[in-house]
Amino acid sequence: MFDRYDAGEQAVLVHIWFSQDKETEDLQEFETLVSSSGVEALRVITGSRKAPHPKYFVGEGKAVEIAEAVKATGASVVLFDHALSPAQERNLERLCECRVIDRTGLILDIFAQRARTHEGKLQVELAQLRHLATRLVRGWTHLERQKGGIGLRGPGETQLETDRRLLRNRISQILSRLERVEKQREQGRQARAKADIPTVSLVGYTNAGKSTLFNSVTSANVYAADQLFATLDPTLRRIDVADVGEVVLADTVGFIRHLPHDLVAAFKATLQETRQATLLLHVIDAADVRLDENIEAVVTVLEEIEADEIPALQVMNKIDMLDGFEPRIDRNDENQPVRVWLSAQTGAGLPLLFQALTERLSGEIVQHQLRLPPELGRLRSRFYQLQAIEKEWNEEDGSVSLLIRMPIVDWRRLCKQEPTLVDYIV
């Protein structure tokens, strides 16, 4: 579809600072992004500007420096840590005689490598096509005339118009498929809501340790690695929380500063798990020097997907990388847990996380003593299934006395199913 230079595995990186305070962490994060995509950085070119140059984004002198670096190193791609306009990409490609990719294109490439499920692949393709739609013209500057000649007469479209139409068709196909996936997810969510099963969604900056925590808590085998965007496809598992019962835990895609809007839109079905959650577990890398900025970036994305109103519990992860730090729970003025310090890697502090989950999710707990006649053995086994029996003893007349303790939502649900249950309260 494109007349383009072949993309390679070796690159020249470009990072421009637009403010006086040069934050090296910005550049470090970009280098981590590049290595996550499997590309080798041959040279890093940095510079400062007050505003982007309309033609090359960088100044003309810097653009020539980049082109010379490409020739000197033999790099086959230039990666920018910024969003470039289609015209800027085109001008730079002409000057450097190699492919130029901006931050959005790089993140899309990483997502394309990581997508495992059918849904994940569709979401990535949708984001890529939307990104590509604005850049189509660069591939066809030599073919803007209409087709003509024997066997080529017909639609009266230029090659560019034909490609745009094909692109629109493919985008609408993917949207309809994703709509079906979203409906299936919605059915699952409605079923959980009917059964009063709370959903806890893991959110956080990319590489904060969400999947490692998910695996530690659920014993799942979700892919976890020390790299950006290791997780793309949402995974759901059921866990048991004391005094709450069954809880669905969802592992979701990580967020990043300047997350492309196309990606937020494409991953709407995935992020729906976050929007419909009962509680968000905001996983934070406690050892990261940019801790506050990372928190801010996550809050920004949560606002974008309208999930900022959902109650959240902060999980300060990776305390094993801090000196002399012990697991603990931080509480607010109402004695409610707001922050848990732990290490998902070593397992230190995981019991405290479950304790905090119990306190945040259980709500009101009911305690009753019941005396059940022998013929109601099925009710007794139901209480055992709900792990609600604190104490049990037999009476002289053959009946069974139970001391039960359970969340009020479970008690109300059971009373609806068994209207005579209240008659057996002692």
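Me: First up, is Lys318 buried or exposed?
Reply: Lys318 is buried, because its relative accessible area is 16%. Buried means under 20% relative accessible area, exposed over 50%, and partly exposed in between (1.4 Å probe, protein chains only).
Me: Before we go on, what am I looking at, and what's the numbering?
Reply: This is a predicted model, where local features need pLDDT of at least 70, side-chain atom pairs count only at pLDDT 80 or more, and totals for chains, interfaces and linings use all residues. Residues are numbered from 1 along each chain as its sequence is written, and side-chain values use heavy atoms, with hydrogens and water left out.
Me: Back to Lys318, where does it sit?
Reply: Lys318 is in the loop between strand 9 (312–317) and strand 10 (328–331). Helices (H or I, at least four residues) and strands (E, at least two) are DSSP runs, numbered from the N terminus.
Me: And what about the phi of Lys318?
Reply: Lys318 is not a glycine, yet its phi is positive, about 65°. Most residues other than glycine have a negative phi. Gln387, also not a glycine, has a positive phi of about 50°.
Me: Where is Gln387, and is it buried or exposed?
Reply: Look in the loop between helix 12 (377–385) and strand 13 (389–394) for Gln387. Gln387 counts as exposed because its relative accessibility is 61%.
Me: Switching to salt bridges. How many salt bridges are there?
Reply: The count comes to 12 salt bridges. The rule is a side-chain nitrogen of Lys or Arg within 4 Å of a carboxyl oxygen of Asp or Glu.
Me: Which residue does Glu418 form a salt bridge with?
Reply: Glu418 pairs with Arg378, and their closest N and O atoms are 2.8 Å apart. This pair links distant parts of the chain, 40 residues apart: Glu418 is in the segment after helix 13 (408–417), Arg378 in helix 12. Glu418 counts as buried because its relative accessibility is 17%.
Me: Which residues are linked in a network of salt bridges?
Reply: Arg328, Asp330 and Arg339 are. Asp330 is buried, with a relative accessible area of 14%, while Arg328 counts as partly exposed at 36%.
Me: What does Glu293 do with Arg290?
Reply: Their side chains meet in a salt bridge, 3.6 Å from N to O. Arg290 is buried at 7% relative accessible area, whereas Glu293 is partly exposed at 30%.
Me: Which residues form the negative surface patch?
Reply: Glu303, Glu304, Asp308 and Glu309 form it. Glu304 is in helix 10 (residues 291–304) and is partly exposed at 37% relative accessibility.
Me: Last one: which residues does the UniProt "binding site" annotation cover?
Reply: The unreviewed UniProt entry puts it on Ser211 and Thr231. Such annotations may be inferred rather than shown by experiment. Ser211 is found in helix 7 (residues 210–218) and counts as buried, because its relative accessibility is 7%.

Terms used. Patch = residues over 30% accessible without salt bridge, like charges linked within 9 Å, V, L, I, M, F, W, Y side chains within 5 Å. Areas by Shrake-Rupley, 256 points an atom, 1.4 Å probe, with all protein chains shown as cover. Lys, Arg positive; Asp, Glu negative; His and termini not counted. Charge placed at Lys NZ, Arg CZ, Asp CG, Glu CD.
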